[in-house]
Amino acid sequence: MRAAQITALDGPDAVRVVEVAEPSVDSAESDTAVVIDVHAAGVAFPDALLTRGLYQYKPDLPFTPGAEVAGVVRSAPAGAHVSAGDRVLGLTMLSGGMAEVVALPADRVFALPDSVSFEAGAGILFNDLTVQFALRTRGRLAQGETVLVHGAAGGIGTSALRLAPALGASRTIAVVSTQEKAEIARAAGASDVVLAEGFRDAVKELTDGRGVDIVLDPVGGDRFTDSLRSLAVGGRLLVVGFTGGEIPTVKVNRLLLNNVDVIGAGWGAWTFSHPGYLQEQWAELQPLLASGAVPAPQPDVFPLEQAAQAIGSLENRSAKGKVVLKLR
């Protein structure tokens, strides 16, 4: 089968598309493993970090990146909730997804609504489940609240703009770096869009000085303090990641001033310590996608042969929304 592989820790340009053996399922795994013919695979910021050895997970070279897939079940164990021929999504969680065939535990495989394409499906799990966890479980999003989203033209950002209204937000304010990215945020459903330069003043004006209830921040960096200052009394700043590179620090006196919270939202770590949580999330999200209450993402699709460019688009910030590889 074909697969994208990271062959050296020299960045996305070291990614190669090669022929490798299909995953084997031994007798011990046959009762739990679902084998999937992959049609599309999601690309996420950790994949870019992996190409340089900068992620906390450091597999031996060469290895296949990719945390999420969409495809068709080739085989499934008796009694599983999916069966051969079903359209599904799947999570590898760390690596292995950018390949034509994957084998996954049944609890990390999810039925894909017929209304969602494989390409859109490959852009759902990693981002949407992260955002749902951040807003619902960690952020305690309440009906009628306002959510500010940094990096709003990226995968996490566009996911937040799509999901927040369905989860109760009455308003979303997107923060972007360019006017071109502002159009992406608007297409994803943002109520308002502001530029990163001077966003604090813009948010103050938009909210008549009140501030926002939640800031969802996958960027970090030098905008962190102004994010804290943009919170309303009792507001929550959700730390999702640090695509900006710099990990900010918190002066805790700012938390006292307006009774605000800084909350870590590490979805992957939470799922490993809370068995069954992934299926609970999907039980809420799947009907929203199937009904159209949450629109499917509109990913930027690359062929597998351009895996290096796809991963590179996240590193150089040229990506427009979610990035996906098409394998079939």
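**View 1. The side chains of Glu315 and Arg52 meet in a salt bridge, with 2.6 Å from N to O.** A salt bridge here is a side-chain nitrogen of Lys or Arg within 4 Å of a carboxyl oxygen of Asp or Glu. The pair links distant parts of the chain, since Glu315 lies in helix α11 (residues 307–315) while Arg52 lies in the loop between α1 (45–50) and β4 (68–75), 263 residues apart. Helices (H or I, at least four residues) and strands (E, at least two) are DSSP runs, numbered from the N terminus. Glu315 counts as partly exposed because its relative accessibility is 33%, and Arg52 counts as partly exposed because its value is 37%. Buried means under 20% relative accessible area, exposed over 50%, and partly exposed in between (1.4 Å probe, protein chains only). The model is predicted, so local features need pLDDT of at least 70 and side-chain atom pairs count only at pLDDT 80 or more, whereas totals for chains, interfaces and linings use all residues. Residues are numbered from 1 along each chain as its sequence is written, and side-chain values use heavy atoms, with hydrogens and water left out.

**View 2. Arg236 and Glu145 form a salt bridge through their side chains, at 2.8 Å from N to O.** This pair also links distant parts of the chain, with Arg236 in strand β12 (residues 231–239) and Glu145 in the loop between α3 (125–138) and β8 (146–149), 91 residues apart. Arg236 counts as buried because its relative accessibility is 5%, and Glu145 is buried too, with a relative accessible area of 13%.

**View 3. The side chains of Arg328 and Asp37 meet in a salt bridge of 3.9 Å, N to O.** Arg328 belongs to the segment after β15 (323–326) and Asp37 to strand β3 (residues 33–43), so that the pair links distant parts of the chain, 291 residues apart. Arg328 counts as partly exposed because its relative accessibility is 38%, whereas Asp37, at 18%, counts as buried. Both residues belong to a network of salt bridges that links Glu22, Asp37, Arg74 and Arg328.

View 4. Buried residues make up 53% of the 328 residues in the protein, and the C-alpha trace spans about 60 × 40 × 35 Å along its principal axes.
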